[in-house]
Amino acid sequence: MSAPATTLDQVENELSQLIETLIHLGVQVHDYAGTAESQLGLSNNINKVVEHLQKLHNTDLNIPIPVDVVNYIEDGRNPDIYTREFVEVVRKLNQFLRGKQLGFKYAQSTLGQKIVNEFPELKEQVENIKKRTFIETVPMGTNSS
């Protein structure tokens with residue numbers, strides 16, 4: 001299991017070196033004087049960029065990246081924002097579904113209690129249904145009226 005982590009670390013290291021080289025290249029282009037030294041430095045950094053890109057291309061790392069994350073990055077947005085928004089949507093959906101689940105448990109408990117109150121001879125069947133559906137009774141006040 002350490003092989004993918006090592007590969008991921010290598011990719012991360014290679015990407016940070018590429019970014020650093022691109023920053024240096026940008027500074028050199030901005031301050032380009034046209035001398036032989038600046039031309040040599042510029043060509044060295046271009047060669048470094050090509051080497052880093054080749055290493056990244058040759059890396060055997062297959063990590064699926066959601067298209068939405070790629071779109072966020074292309075739009076100049078932080079992919080952490082996507083993660084935060086995704087987590088918030090999932091949390092809200094979980095809360096909604098938990099509320100529905102509690103509502104169904106309460107409805108089953110109430111309905112079961114009302115059936116047993118009106119038809120005491122069905123108590124065994126109601127208990128059997130509750131056992132088979134693995135739904136416990138919900139203590140939300142009194143169920144009898």
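Leaving aside its neighbours within four places in sequence, which residues is His-52 in contact with? I shall answer that directly and then turn to the rest of the chain. Please keep in mind throughout that this is a predicted model.

His-52 is in contact with Glu-14, Gln-17, Leu-18 and Thr-21, once the neighbours within four places in sequence are set aside. The residue itself belongs to helix α2. His-52 has a relative accessible area of 9%, and a value under 20% counts as buried, so His-52 is classed as buried.

Let me now describe the chain as a whole. Its secondary structure consists of five helices and zero strands, and from the N terminus on the order of elements is α-α-α-α-α. The chain has 145 residues, of which 17% are buried. Taking the contacts with a separation of 6 or more, 59% are between residues 24 or more positions apart. The accessible surface comes to about 11,800 Å², and carbon and sulfur atoms account for 59% of that surface.

The buried residues of α4 are Tyr-82, Gln-108, Ser-109, Thr-110, Gly-112 and Val-116. As for their partners, the buried residues of this helix pack against α3 and against α5, which covers residues 123-133.

Tyr-82 leads us to the aromatic residues. A search of the whole structure returns two aromatic pairs. In one of them, the ring centres of Tyr-72 and Tyr-82 are 5.6 Å apart and the planes stand at 70 degrees; the pair is therefore edge-to-face. Because Tyr-72 lies in helix α3, residues 67-74, and Tyr-82 in helix α4, residues 79-118, this pair ties together parts that are 10 residues apart in sequence. Both partners are buried: Tyr-72 has a relative accessible area of 13%, and Tyr-82 has one of 17%.

Tyr-82 also forms an aromatic pair with Phe-86, and this pair is stacked, at 6.1 Å centre to centre with 20 degrees between the planes. Why are Tyr-82 and Phe-86 separated by about one helical turn? The reason is that they are four residues apart in helix α4. Is Phe-86 buried, partly exposed or exposed? Phe-86 is partly exposed, with a relative accessible area of 49%. Taken together, the ring pairs link Tyr-72, Tyr-82 and Phe-86 into a cluster.

Finally, I come to the surface. Leu-8, Ile-63, Ile-65 and Val-70 make a nonpolar patch of about 340 Å². One of these residues, Ile-65, sits in the loop between α2, residues 36-58, and α3. Ile-65 has a relative accessible area of 56%, and since over 50% counts as exposed, Ile-65 is placed in that class.

To close, I would ask you to look at two places in the predicted model: buried His-52 in helix α2, and the aromatic cluster of Tyr-72, Tyr-82 and Phe-86. Thank you.

Technical notes:
Residues numbered from 1 in each chain as written. Predicted model: local features only at pLDDT ≥ 70, side-chain atom pairs only at ≥ 80, totals over all residues. Heavy atoms only, no water. Phe/Tyr/Trp six-rings, centres within 6.5 Å; stacked < 30°, edge-to-face > 60°. Helix = DSSP H or I, 4+ residues; strand = E, 2+ residues; numbered from the N terminus. Buried < 20%, exposed > 50% of the residue type's maximum accessible area, 1.4 Å probe, protein only. Patch = residues over 30% accessible without salt bridge, like charges linked within 9 Å, V, L, I, M, F, W, Y side chains within 5 Å. Areas by Shrake-Rupley, 256 points an atom, 1.4 Å probe, with all protein chains shown as cover. Salt bridge = Lys/Arg side-chain N within 4 Å of Asp/Glu carboxyl O. Contact = heavy atoms within 4.5 Å.
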